[in-house]
Amino acid sequence: MYKGGVGQWSWIFHRITGVGVLLFLLIHILDTALIMLGPVAYDHVMAIYKHPLFRPMEVLLFAMVLYHALNGVRIIVIDFWSQGPRYHRQLFYIVMVLFVIGWVVGSYYMVRPLFQ
Amino acid sequence: MGSGVVLYGEATLSMNHHPPPSPLPSPPEADQPLAEREGGAHPRPSGGIELYAWLFMRISGLALIFLALGHLIIMHMIHTVDQIDYQFVAGRYANLFWRGYDLTMLLLAMIHGANGIRYLIDDYTRPGKRRTIWIRVLYTTTIVFAVLGTWVIAAFQPK
């Protein structure tokens, strides 16, 4: 059994966020497919997404995509840069800093309509 | 129970197919081949279809960063969910560029996601009937959703 460390957490989060984003993608394919039934059906389903209770879900989805993207870059850097494995810990901290900044800024633009 | 021992042996081997990265990877030697280093999501396969799958995850991943994050920024930040309705999509899909954008993103994401789930099935199930069933469910689901999404993107005509 493998215990603790930055590598293990980044790996677990990569798997969880990957599954989460994929599950949403499947739902998103279904809701978009309703557009084939016409404006009434599609706009009815879109109204559900526009409910204020869905904003936290939207912000969470953005967090999952953003983490998976940034950590994916970290994985590629570790795999293809000869010094990558040596600096994997520093790379993770860079990922986390970029994640927090990106998440806060992006989420602000997402929830902005709520305050207008 | 001789078969139990064999099963356990198989399971142990298979469970290490996609191991977590080493917590403290030793610095690679200059003359050490890239394939033998560890530290990424999982070690680079030495060849065959698994090497192509490994490469595909990285290349499609890079493309999806621009496609998916671009999609999020355009649809959720520049526009917001409040604006998206039938008319919005009809206007957007009047431009063939956005259909191509969405189709590329859809297919890359479905294959990238399906291969990711395949890694999970390899890691968390033992070889045998159950794994075969899970893999079949995965492939069927992937094809059904990819075809459905492709059909919608290609066939949608505003009323």
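This is a predicted model: local features need pLDDT of at least 70, side-chain atom pairs count only at pLDDT 80 or more; totals for chains, interfaces and linings use all residues.
**Chain B.** Begin by selecting chain B and colouring it by secondary structure. Five helices and zero strands are present, and along the sequence they give the pattern α-α-α-α-α. Of the 159 residues in chain B, 14% count as buried. If contacts within chain B are displayed for residues at least 6 apart in sequence, 64% of them join residues at least 24 apart.

**Helix α5 of chain B.** Next, select residues 129-155 of chain B, which form helix α5. This helix has 27 residues. The distance from its first C-alpha to its last is 38 Å, close to the 39 Å expected at 1.5 Å a residue.

Within α5(B), show the side chains of the buried residues, namely B:Phe145, B:Gly149, B:Val152 and B:Ile153. What covers these residues? The cover on the buried residues of α5(B) includes α4 (96-124) of chain B and also α1 of chain A.

**The contact between the chains.** Now select the residues that take part in the contact: 41 residues from chain A and 39 residues from chain B. On the side of chain A that touches chain B, the elements giving two or more residues are α1 (6-33), α2 (39-49), α3 (55-80) and α4 (88-111) of chain A. The largest share of that side, 12 residues, comes from α1(A). Finally, colour the residues of this side by type: 23 are nonpolar, 12 polar and six charged.

Note on methods. Residues are numbered from 1 along each chain as its sequence is written. Chains are lettered from A and ligands numbered from 1 in the order in which they are written. Two residues are in contact if their C-beta atoms, placed from the backbone, lie within 7 Å. Helices (H or I, at least four residues) and strands (E, at least two) are DSSP runs, numbered from the N terminus. Ala, Val, Leu, Ile, Met, Phe, Trp, Tyr, Cys and Pro count as nonpolar, Asp, Glu, Lys and Arg as charged, and the others, Gly among them, as polar. The expected span of a helix is 1.5 Å times one less than its number of residues. A residue is buried if 20 or more other C-beta atoms lie within 10 Å of its own, exposed if 12 or fewer, and partly exposed in between; C-beta atoms are placed from the backbone.
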